Amino acid sequence: MTNDKLRRQNRVVIIILVILVCCGLGIHQYFNYALKPVDPSSKRIIHVEIPKGATDHQVGVILKGKRLVRSSFVCDYYLQTHKEAGVKAGTFKLKGSYSTPQIVKILQESRESR
């Protein structure tokens, strides 16, 4: 191979690596944003019913429907990667000022109404 061809290949590899790093950082930033509270100043209590046997995906959809999480996908992913006890069935009192990790912790704590 000539030096010109090697330089071109190196440039292409560097460009691809830069694109991949930028995409990774963008996804990381989005996940951090999506884990934040939907309405940090909210004091309104929202009652959420989690049915027995609900999957992580279904819980994410329920929470998104109640406007308690920014993304059902990120909530689903967080539930799958942070399983301590699993989500309990029941009725929960939650606020829009809770972050996704706070909500998940509450949903995993108790089977009783909160």
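Which residue forms a salt bridge with Asp56? Lys83 does, with the closest N and O atoms 2.7 Å apart.

This is a predicted model, so local features need pLDDT of at least 70 and side-chain atom pairs count only at pLDDT 80 or more, while totals for chains, interfaces and linings use all residues. Residues are numbered from 1 along each chain as its sequence is written, and side-chain values use heavy atoms, leaving out hydrogens and water.

**View 1. Asp56 and Lys83 form a salt bridge.** The term means a side-chain nitrogen of Lys or Arg within 4 Å of a carboxyl oxygen of Asp or Glu. Asp56 counts as buried at 13% relative accessibility; buried means under 20% relative accessible area, exposed over 50%, and partly exposed in between (1.4 Å probe, protein chains only).

**View 2. Asp4 meets Arg7 in another salt bridge, at 3.5 Å, N to O.** The two sit 3 residues apart in helix H1, so about one helical turn separates them. Helices (H or I, at least four residues) and strands (E, at least two) are DSSP runs, numbered from the N terminus. Asp4 is partly exposed at 47%, and Arg7 is also partly exposed at 47%.

**View 3. Side chains alternate along strand S1 (residues 45-50).** Strand S2 (residues 90-95) runs antiparallel to S1, joined by 6 bridges, and Leu94 is the bridge partner of Ile46.

Notes
Pairing = 2+ DSSP bridges.
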